[in-house]
Amino acid sequence: MVKKFVQVTDKVGKWSGEIIAPLALLYMAILMFEIIARYFFNAPTKWAHEMSTFIFGAQFMLGGAYCFWRGSMVNVEIFRERMSLRAGAILDAVIFLIPLGIIILMIWLGGEFFLKSLSKLEHTNTEFGPPLYPLRGIIPLAAFLLLTQVVAKFVRDLHTAITGEPLR
Amino acid sequence: MSPELATLALFGSMFVLVMLGLPLAFAIGGVGLTFAYFLWGFDGTKIVAIQSLGIMRSTILLALPLFILMANFLRESGIADDLYELMYGLLGRVRGGLAVGTVGICTIFAAMAGISGAATVTMGLIALPSMLKRGYGKTLAIGSICAGGALGILIPPSVVMIIYGVMAKVSVGRLFAGGVFPGLLLATLFIIYILIRAHFNPELGPSLPPEERVPLRKMLPKFKALIFPMAIVFAVLGSIFTGIATPTEAAAVGAFSAIISTALSRKLKWSLVREASTETLRLTAMILWIVIAASWFSATYSAVGGPQFVSQFIQSLGVSRWIVLIGIQFLLIILGMVMETTGIIMITVPVFLPLIKAFGFDPLWFGILFVVNMEMGLLTPPFGVNLFYLKGIVPKGVSMGDVYRSIIPFVLLQLVGLIIIMIFPQIATFLPDFIFSR
C-alpha cells in the first residue's frame, strides 16, 4: 500500500516533467515567429511576447514537482553527512512540514484568487488581453503536483525513521 | 516588530533552516510566509499568490530557460570537439598550451552560453582526459577547466546577470555589455598564470613532442570550427547590443541556432531533444522556485522596513564607503561558499542596493563586482557548483582533494581581477556607456 503510493507519486513526478519540458520549444518557436514577422515582414504581433511568457510561467511553476522529484531543490548537506540515516530521516520528517504549510497556502489562497478571477472572467490589461484565470489556476495546480512529491518524501522519511531502512 | 529584530529573526531563522538541510526555496519562502502571518494575519500571506503571478508574467525572466536550452544543445553540438582540435594543433607545441586553449574555448563558450555548467562539463569530458594523457599536472588541468567554466556567468549572455538585472532594475543589455571586458580580463589573468607556471615547471604542462605536432598548413581547414560559434555570438550579443532585439528574443535566436548546429552535425535526435528540454526544465524550475519564494521573503522584509534600517544603520557607522563596499563583497563571497547564486541575489540585492545607491556607487558596476563574487563562489567548497559538475565526470585517479587544491590559485586570480575592476571601474562601465549612450 505504502509502496504502491510511492510508485504512483514517482510516476507523477517523472511524467509531469517529461510532458511539460518540450513546451520550451514552443515558446522558442513563438518568439522566433515574432522576430521573423517583425524584421522580415514588418508585421509585429500583439500576442507573441505575452503568449510565450504565459507558457513559460505555467511551465516552470508546474515543473516544481519534477525538479523536486529529480532531487534538484538545492540544499546544504554540511551537517547531514555526519548524521545516521535514521536521524536524517527524522529531521527531514520534521522540517518538511514547512513546505507542506507553504503548499497548503498556495492551494488555498491561489485557489481563492483563481475562483475570484474565473467568476469575473478576468483578462489582462494589455492590447492582446488574454484571459488571466488559467495562469492564476496554475498556482494551486502546481502546488498540488508538488504536494504529491513532498508527501511521498514524508512517507519515505517516516518509513526510514520507523524501520531504519530506506523504502525501496 | 522593529526592523532590527525582524532582520535578525528573518535571516537567522532562514539560515538555521538552510543549515538543517531544508531546500533553499522552502527555507526562504517558509520564513517569509510565517512572518507575514504573524505580522499581518492570514491576509498577509496573500503574497503567496500575488507575488508569484508577477514573476510568472515576467518576459525578461523568459530569457533564462532559453539561454539554458541553448547551452544544453550547444553541449551536444560537437562545437567544443572541433574547437579543441583546432586549439590542440595550434597551441599543443607551447608549454601549458592545452590549458591555455581550454581557457580560450571556455571564453568562447561563455560568450555563447549563459551558465557555467555548459563549458565546465564539456571541457571536463574533452580537455581533461586529453591533458592528463599528455602528462599535464592534475591541478593545472582541473583548475583551468573550473576557472574557465566559471567565466560563463561573467561573459555575456549570463543567467546570473538577468536575475540581478531584474532585482536591481538595471538594464540587462547594459549588464551584458559591462561583463565583456571584466570577463576578458579574468581570462587573460588565467592564461598568463598558466603560461608562467608551465614555463618554469615544464612537467606541469609539457609541450607536445615534435612527432605529435600538426603542421600549421594542415591546420587551415580546421579554422572553420570558429565560424559557427562566431556567428552565434554575433547574432545573440550583436542583436542585444545594437538594440535590435530584447535579451529574451536574442535568447530564442540563440536556442534556435544551437538546435540548428546539432542538426548540422547530424546529432539531432528525439532523445537529445528530450534530454535537453528536461534538463532545462529542471534547472529553470529550480532557479525560479527560489526566485518566487525569495519574492515572498523580500515582500515581508521590505514591509517591515528592513532594507531602510540596514541602509541607515550602516551609514550611521560613519565608516568610509569603500570599507562598506569591501565588507559587502566579503559577505557575498562567504555566502557564495554556502549558498546557491540565485538565492544570494534574491535576498541580498534588495538589502544592499539602497546602500550602494546612497553611497553614490554605480549599480551597474556593483552588479559586475557582484557577478565576480559569485564566480568565486562557484569555485569554493562546500557549495562550489562547478566543483560538483566536475566531481561527476573526473577520470579515475583524480580525487576531490585534487579538485579542491587545483582551484586555489585561480580563486586568488579572480580576487586580483576583482580588485583591478574595483580600482578601474571603467573596465566594466566603458562598454555599456559607449554602446548605450546614444
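Reader: What should I know about the ground rules first?
Author: It's a predicted model, where local features need pLDDT of at least 70, side-chain atom pairs count only at pLDDT 80 or more, and totals for chains, interfaces and linings use all residues. Residues are numbered from 1 along each chain as its sequence is written, chains are lettered from A and ligands numbered from 1 in the order in which they are written, and side-chain values use heavy atoms, leaving out hydrogens and water.

Reader: Why are α5(A) and α6(A) called roughly antiparallel?
Author: The axes of α5 (residues 97-119) and α6 (residues 133-163) of chain A cross at roughly 160 degrees and come within 8 Å. Angles run from 0 to 180 degrees between N-to-C directions, with axes fitted to C-alpha atoms over the stretch in contact. Under 35 degrees counts as roughly parallel, over 145 as roughly antiparallel, 65 to 115 as roughly perpendicular and the rest as oblique, so this pair is roughly antiparallel.

Reader: What makes up that contact, by residue class?
Author: The residues in the contact of α5(A) with α6(A) split into 19 nonpolar, four polar and one charged. Here Ala, Val, Leu, Ile, Met, Phe, Trp, Tyr, Cys and Pro count as nonpolar, Asp, Glu, Lys and Arg as charged, and the others, Gly among them, as polar.

Reader: Which residues touch the most other members of the largest nonpolar core?
Author: Those are M61(A), Y84(B) and Y164(B), in a core of 213 residues. Such a core is a set of buried Ala, Val, Leu, Ile, Met, Phe, Trp, Tyr and Cys residues joined through side-chain atoms within 4.5 Å.

Reader: How do you know whether Q329(B) is buried or exposed?
Author: Buried means under 20% relative accessible area, exposed over 50%, and partly exposed in between, using a 1.4 Å probe and protein chains only. Q329(B) has 3% relative accessibility, so it counts as buried. Q329(B) sits in α16 (residues 321-338) of chain B. Leaving out residues up to four places away in sequence, Q329(B) touches L369(B), N373(B), L418(B) and M422(B), where contact means heavy atoms within 4.5 Å.

Reader: What makes N42(A) and K169(B) worth a look for their phi values?
Author: Most residues other than glycine have a negative phi. Yet phi is positive for N42(A), near 50 degrees, and for K169(B), near 55 degrees. N42(A) is in the loop between α2 (23-40) and α3 (48-69) of chain A, and its 66% relative accessibility makes it exposed. K169(B) lies in the loop between α9 and α10 (172-200) of chain B, and at 75% K169(B) is exposed too.

Reader: Which peptide bond is cis, and what is its omega?
Author: The bond from P156(B) to P157(B) is cis, with omega near -10 degrees. P157(B) lies in the loop between α8 (138-150) and α9 of chain B.

Technical notes. Helices (H or I, at least four residues) and strands (E, at least two) are DSSP runs, numbered from the N terminus.
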